[in-house]
Amino acid sequence: MFHQFFDDAAIFPPGNMPMGDAVRAHLARRGTPEGEYVGPFICSAARLGELSDALGHGHLELSLVATVDEFNGAARELASQQNLTLTALELKGPVEQLPETPNGLRVFVERTWHESLDVPEGAMLKLRCGGPDTRDTPSACQLGGAIQHCVENDLPFKLTAGLHHAVRTERDHGFLNILAAVNAAIDGSDPVPALLESDAAALKVSNPEAVRRLFRSIGTCSIDEPVTDLRELELIT
C-alpha cells in the first residue's frame, strides 16, 4: 500500500536540507529495502542547475515544481538531462490550460482551500495539509469534502506538507487517516470520522489498490518520520 508513497521533498521547508546532502540521502535510500516506499525527488525549476551539479553521474526520478512558464522554459533542458527522469510535474500559480508534456507524465495542479478544486482535463489535484499560514491546514470537514470530491469525480490527487505522522495528532492530519478516509468514501461512507480517529487500529483500508489509484502520494521533507511511524505500527517491516 505504501509503494512509492512518500515523495522526497527534503530541500523544501521546514526541512531545508542542502541540495547535495538531500541528493546523497535520496540515492542512498533508494538502494535500501525502504527505497520501495520512496517516490521521486521533488525540486523546483529554479534549482534545476543546482540539482544537476549535485547529482553528478547519479540518476534519479524527478518531480518538478514549476509554473507553466517555468516548465516551458525548462522542458528542453530536462530533455537533454540523461541522469534525470521527469516522472511528475507539480504546477503552481494560475493554471487554466496544461502545457505540452511528454506522454505518460503525471501532472498535478495545486489548488488552495479557498478556490475551486477543479483542474484542467488530464491533470491531477495537489493540495496542502500544512504550512506557515494557518489557512494551509484544512479542517477535517474541508479535507473530507475534498476527498469526497475526488472520489465522486474519479480525480487522483496528492497531498503535501503537514503529514509527518501516520495517525492524526492534535495539530496535524495523519496520512493513515487519509488513506482510511478515501477507503470510506469509495465505500459510500462519510470520510470525516476516519480523519478524526486517533486509534490506529480503527483505521481500516480494505481496498488499498482503489485507494492508491486516487491517493497517489504525499510530499514530505522527512522520509524517516513517516517510515518510522509505519514500522512502530507494524504496517511495514
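Contact, for these notes, means heavy atoms within 4.5 Å. I am working on a predicted model, where local features need pLDDT of at least 70, side-chain atom pairs count only at pLDDT 80 or more, and totals for chains, interfaces and linings use all residues. Residues are numbered from 1 along each chain as its sequence is written, and side-chain values use heavy atoms, with hydrogens and water left out.

**Entry: Thr160**

I started with Thr160, which I found in strand S7 (residues 157–160). Helices (H or I, at least four residues) and strands (E, at least two) are DSSP runs, numbered from the N terminus. Is Thr160 buried or exposed? Thr160 counts as buried, because its relative accessibility is 11%. The scale I use is buried under 20% relative accessible area, exposed over 50% and partly exposed in between (1.4 Å probe, protein chains only). Then I listed what Thr160 touches, skipping neighbours within four places in sequence: Lys126, Leu127, Arg128, Cys129, Gly130 and Gly219.

**Entry: the largest pocket**

I looked up the largest pocket next and noted a volume of about 640 Å³. For the record, the search runs on a 1 Å grid over the protein atoms alone, and a pocket is an open set of points where a 1.4 Å probe fits, with protein on both sides within 12 Å along at least five of seven lines. Grid points are joined across faces, edges and corners, and the volume is the space filled by probe spheres set on the points.

Its lining has 30 residues, and those nearest the centre are Pro13, Arg128, Gly130, Gly131 and Ala161. A lining residue has an atom within 4 Å of a point. Strand S6 (124–128), S7 and strand S8 (215–220) are the elements that give two or more residues to this lining. By class I get 11 nonpolar, 9 polar and 10 charged residues. Here Ala, Val, Leu, Ile, Met, Phe, Trp, Tyr, Cys and Pro are nonpolar, Asp, Glu, Lys and Arg are charged, and the others, Gly among them, are polar. Arg128 and Gly130 also turn up among the contacts of Thr160.

Pro13 made me check its peptide bond: the one from Pro13 to Pro14 is cis, with omega near 0°. Pro14 lies in the loop between S1 and helix H1 (19–30).

Asn16 is in the loop between S1 and H1 as well. I noted a positive phi of about 50° there, although Asn16 is not a glycine. Asn16 counts as partly exposed, because its relative accessibility is 46%.

Asp154 has a positive phi too, near 50°, again in a residue other than glycine. I found Asp154 in the loop between helix H4 (140–152) and S7. With a relative accessible area of 43%, Asp154 is partly exposed.

**Entry: aromatic pairs**

How many aromatic pairs does the count come to? I get 7. The rule takes rings of Phe, Tyr and Trp (its six-membered ring) with centres within 6.5 Å; planes under 30 degrees apart are stacked, over 60 edge-to-face, and the rest tilted.

Phe2 and Phe175 have ring centres 6.4 Å apart and planes at 80°, so I logged the pair as edge-to-face. This pair links distant parts of the chain: Phe2 is in the segment before strand S1 (6–8) and Phe175 is in helix H5 (residues 175–186), 173 residues apart. Both Phe2 and Phe175 are buried.

Phe5 and Phe6 are edge-to-face as well, because their planes are at 70° with the ring centres 5.2 Å apart. Phe5 is buried at 0% relative accessibility, and Phe6 is buried at 0% too. I then noted one aromatic cluster formed by Phe2, Phe5, Phe6, Phe157, Phe175 and Phe215.

One more ring: the charged end of Lys158 sits over Phe108, 5.9 Å from the ring centre. That test asks for NZ of Lys or CZ of Arg within 6 Å of the ring centre and within 35 degrees of the ring normal.

Leu51 is in helix H2 (residues 48–55) and is buried, with a relative accessible area of 0%. Not counting residues up to four places away in sequence, I found Leu51 touching Met19, Val23, Phe41, Cys43, Leu60, Leu62 and Leu84.

Thr87 lies in strand S4 (residues 84–91) and is buried at 15% relative accessibility. Leaving aside neighbours within four places in sequence, Thr87 contacts Pro40, Glu61, Leu62, Leu105 and Arg106. I also took one distance: the C-alpha atoms of Thr87 and Gly145 are separated by 28 Å.
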